[in-house]
Amino acid sequence: AQGQLRQAQKMEAVGQLTGGLAHDFNNLLTGVIGSLDLLGQRLAQGRLGDAKRYVSAAQDAAQRAAALTHRLLAFSRRQTLDPKPTNINRLVGGVENLVRRTVGPAIAVDVAGATDLWLTLVDPPQLENALLNLCINARDAMPDGGRLTIETANHLFGEREASEYDLVCGPYVGLRVTDTGTGMPAEVIANAFDPFFTTKPLGHGTGLGLSMVYGFVRQSGGQVRIASRLGQGTTVDLYLPRHEGQADEADHSSLASRPPRA
Ligand code: ADP
């Protein structure tokens, strides 16, 4: 049943993804075809001056289409999850230096790990990736510098809180990333988890960061919440179910050898 659910979630993500992709891809293809049509006409008329313009328009649209398919490939290469009992404080500590290097010297990084933090059952490299994605978004929201805070906390969700978060009640480990950046308008928050939704210029955002974070956290039995104030900053909360067993002492994987997703 677990496998079927996972498969269903995957199919849903793929459906969402391909729908949006097909639309964008079709628009670009229409541009290529239109430019080539005009190019054919100009060539037939011997008007070579205009021809150049249509060649570069076709090239531009084709390059954008190629970039789209690259993103689709990157998305479909997502690994399946390999959950392990994980101490998130330790995981955060393992990527802290990478985070500092990634956000640069203009952004102060504060890490506040809760004492006696519960364990959670997640795929550690995927959680590291999710955290890095959140930090990259925070960095992009603070072009003039600011403060990035990473915090952990234990949460016990009662009936009401759990249903508000669309979770079952019980214990969760919270991982919170806060920035002092631009903030997000309501319509951006509403679309932020959609694959390929981005407000960043071409070549700067893939629009996959938050959709991957969301897919991963939901598959892990958790939830993602965004709270934001325009001009003040954004807080992203991940809630991951508590794991009641022992830590797996053998494994403290780290991202050190892998570059973050661009
Ligand atoms: P990308 O970062 O590639 O655009 P994401 O899915 O990670 O894709 O984010 C989608 C959009 O959500 C971003 O383009 C941006 O507009 C908005 N966003 C995400 N995180 C933040 C943040 N911390 N502050 C402000 N806006 C954000």
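Which residue just after H7 takes a positive phi? In this predicted model, local features need a pLDDT of at least 70, and side-chain atom pairs count only at pLDDT 80 or more, while totals for chains, interfaces and linings use all residues. Residues are numbered from 1 along each chain as its sequence is written. The residue in question is Gly 221, with a phi of about 85°.

The secondary structure comes to 7 helices and 7 strands, where helices (H or I, at least four residues) and strands (E, at least two) are DSSP runs numbered from the N terminus. Read from that end, the elements follow the order α-α-β-α-β-β-α-β-α-β-α-α-β-β. Of the 262 residues, 28% count as buried; a residue is buried if 20 or more other C-beta atoms lie within 10 Å of its own, exposed if 12 or fewer, and partly exposed in between, with C-beta atoms placed from the backbone. Two residues are in contact if their C-beta atoms, placed from the backbone, lie within 7 Å. Among contacts between residues at least 6 apart in sequence, 74% join residues at least 24 apart.

The confidence of the prediction is described by pLDDT, the predictor's confidence in each residue, from 0 to 100. The mean pLDDT is 86, and 83% of the residues reach 70 or more. Over residues 251-262, however, the pLDDT is below 50, and this stretch has 16 contacts in the model beyond near neighbours in sequence. The model scores ipTM 0.99 and pTM 0.72.

The interior comes next. A nonpolar core is a set of buried Ala, Val, Leu, Ile, Met, Phe, Trp, Tyr and Cys residues joined through C-beta atoms within 7 Å. The largest such core has 39 residues, and those with the most contacts inside it are Ala 130, Leu 131, Leu 134, Cys 135, Val 213, Val 217 and Leu 240. Among the elements that give two or more residues to this core are helix H3 (88-103), helix H4 (124-140), helix H7 (209-219) and strand S7 (233-243). The largest share, 7 residues, comes from H4. Leaving aside its neighbours within four places in sequence, Leu 134 is in contact with Val 177, Val 213 and Val 236. H7 is mostly covered, with 10 of its 11 residues buried, including Met 212, Tyr 214 and Phe 216.

H4 also holds Pro 125. This proline is partly exposed because 16 other C-beta atoms lie within 10 Å. The C-alpha atoms of Pro 125 and Pro 83 are separated by 9.6 Å, although the two residues are 42 apart along the chain.

Strand pairing, which requires at least two bridges found by DSSP, links S3 to two partners. Strand S1 (residues 84-86) runs antiparallel to S3 and is joined to it by 3 bridges, with Thr 86 opposite Thr 120. S3 and S7 are likewise antiparallel, joined by 2 bridges, and here Thr 120 has Arg 242 as its bridge partner.

Finally, the ligand is surrounded by 22 residues, of which the closest are Asn 137, Ala 141, Thr 198, Gly 205 and Gly 209; a residue counts as near if its C-beta atom, placed from the backbone, lies within 6 Å of the molecule. H4 and H7 each supply at least two residues of this shell. The shell divides into 8 nonpolar, 12 polar and 2 charged residues, where Ala, Val, Leu, Ile, Met, Phe, Trp, Tyr, Cys and Pro count as nonpolar, Asp, Glu, Lys and Arg as charged, and the others, Gly among them, as polar.
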